[in-house]
Amino acid sequence: MIRVVLPHHLRTLAHVGEEVEVQVEGPATVRSVLDALEASYPVLRGTIRGHVTHRRRPFVRYFACEQDLSHELPDAPLPEAVVRGAEPFLVVGAMAGG
Amino acid sequence: MSGVRVLVGTRKGAFVLTSDGKRQQWKVSGPHFAGWEIYHIKGSPADPDRLYASQSSGWFGQVIQRSNDGGKTWEAAGNEFAYDGVPGTHQWYDGTQHPWEFARVWHVEPSLTDPDTVYAGVEDAALFRSADGGRTWQELSGLRRHASGSSWQPGAGGMCLHTILLDPSDPARIFIAISAAGAFRSDDAGKTWRPVNRGLRSQGIPDADAEVGHCVHRIAMHRSRPGVLFMQKHWDVMRSDDAGESWREVSGNLPSDFGFPIDVHAHEPDTIYVVPIKSDSEHYPPDGKLRVYRSRTGGNEWEALTKGLPQSDCYVNVLRDAMTVDSLDSCGVYFGTTGGQVYASSDAGDSWAPIVRDLPAVLSVEVQTLP
């Protein structure tokens, strides 16, 4: 199982706690994790990445294992610690001050 | 006893304000969807317990919420607003062509007869329709594909379709308005459209009386007289007596004919309300005095309504969807400000009192008159 940590607003939207777990078929990548997440929580479709383009929304970031994976290719393998469930995959709302 | 339910959209959530028919004591529920921008909430005329809300965020995009119990509970509906076919381009601020990109839903307009049918006006300007309670959305693309579409350009707030008026006497007739393209009318339920801007003059565009390009802020009609339309334009308050075929200015003695909302008294089709705002750059009331202006003559002759409203040091704005009327007798009038106040008048505007004073900036106010 892949552990996914969601930002506050998406937790309230999906009516879940801070962390959810998703089962991924095949290699664990950003794309496959988000596919599984959206399959389990359809309300999240369009909130993390575009409906059609599947491009990450501009103010959303993907972190794991103290790395920013936002600019990795969507089919790049996730870190082993995420695959093992030792570390979560974080979906983060970018910081904006003011 | 009859009552009212006021639906308030703000920069940081939605609020539902309820009262009995006296409209003196209020109960405040919210924030719903805390932290999200709620551009608009509106109830179905066919089923007052069915509400639709546009919830959006710069981070997480668009969500449509639906309630089946008058706003006590909500469920997320569909949020996929895909333009029909290849979207093409429209004019950008710098004169270049810019791809049509969905940003948000500005306005939801439930059908007059079917609770599951609802229209959505979006940025970049397009009209969508759902016939399944908001689960799926289809663009009425004849509007965006109008020959003038590539020449439309955004106003400062984005290129938004913000006004949708459904003609109660003719199910095939729909009016919409876009900033800054102007007003359009369909007579075939949204398949085809034509601009209805004759008579508008706008100094901010190269051809002041062009067929399109006008920054229309809001249009209102009285349901008993749908051929008569009232418009608050970027500058000028306008009136049409022929369903938009032609317009004439009725700004009359207003202290400023700039503003955003306009609405019509529920029982007097020639009584209309506006909130004059100083200039197109300062966006606050003239002289720091918050005044609603009422015309009982369908325009031109206006009276200031000030009782209960701040008459000094007031520098809020009232946005285009932030004024509405109920259908009780006497007619209630409501508006919300960017300072977070929602004011109500239970005597057609003669006197006002705040329902709430310290909400986030108010984006929209609608009211339902309940049996």
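**Close-up views of a predicted two-chain model**

View 1. Beyond its neighbours within four places in sequence, A:Val33 is in contact with A:Ile2, A:Val4, A:Val22, A:Val24, A:Ala28, A:Leu78 and A:Phe89. A:Val33 also belongs to the largest nonpolar core, being one of the residues that touch the most other members.

**View 2. The largest nonpolar core, with 131 residues.** In soluble globular proteins, nonpolar side chains tend to be buried together.

**View 3. The contact of chain A with chain B.** Chain A supplies 13 residues and chain B supplies 13 residues. On the side of chain A that touches chain B, the most is given by helix H1 (residues 8-14) of chain A, with three residues. That side of chain A is made up of seven nonpolar, five polar and one charged residues.

**View 4. An open sheet of four strands in chain B.** The strands follow the order E26-E27-E28-E29 and pair antiparallel. Strand E26 (323-325) and strand E29 (353-356) of chain B have a single partner strand each and stand at the edges, so one side of each lacks a neighbour in the sheet. On average, and with direction ignored, neighbouring strands of this sheet are turned by 25° against each other.

**View 5. The pairing of strands E28 and E29 of chain B.** Strand E28 (residues 342-345) is joined to E29(B) by three bridges, and the two run antiparallel. Opposite B:Tyr343 stands B:Pro354 in E29(B).

Terms used
Residues numbered from 1 in each chain as written. Chains lettered and ligands numbered in written order. Predicted model: local features only at pLDDT ≥ 70, side-chain atom pairs only at ≥ 80, totals over all residues. Core = buried A, V, L, I, M, F, W, Y, C linked by C-beta atoms within 7 Å. Buried ≥ 20, exposed ≤ 12 C-beta atoms within 10 Å, placed from the backbone. Contact = placed C-beta atoms within 7 Å. Nonpolar A, V, L, I, M, F, W, Y, C, P; charged D, E, K, R; others polar. Pairing = 2+ DSSP bridges. Axes fitted to C-alpha atoms, helices over the stretch in contact; angles between N-to-C directions.
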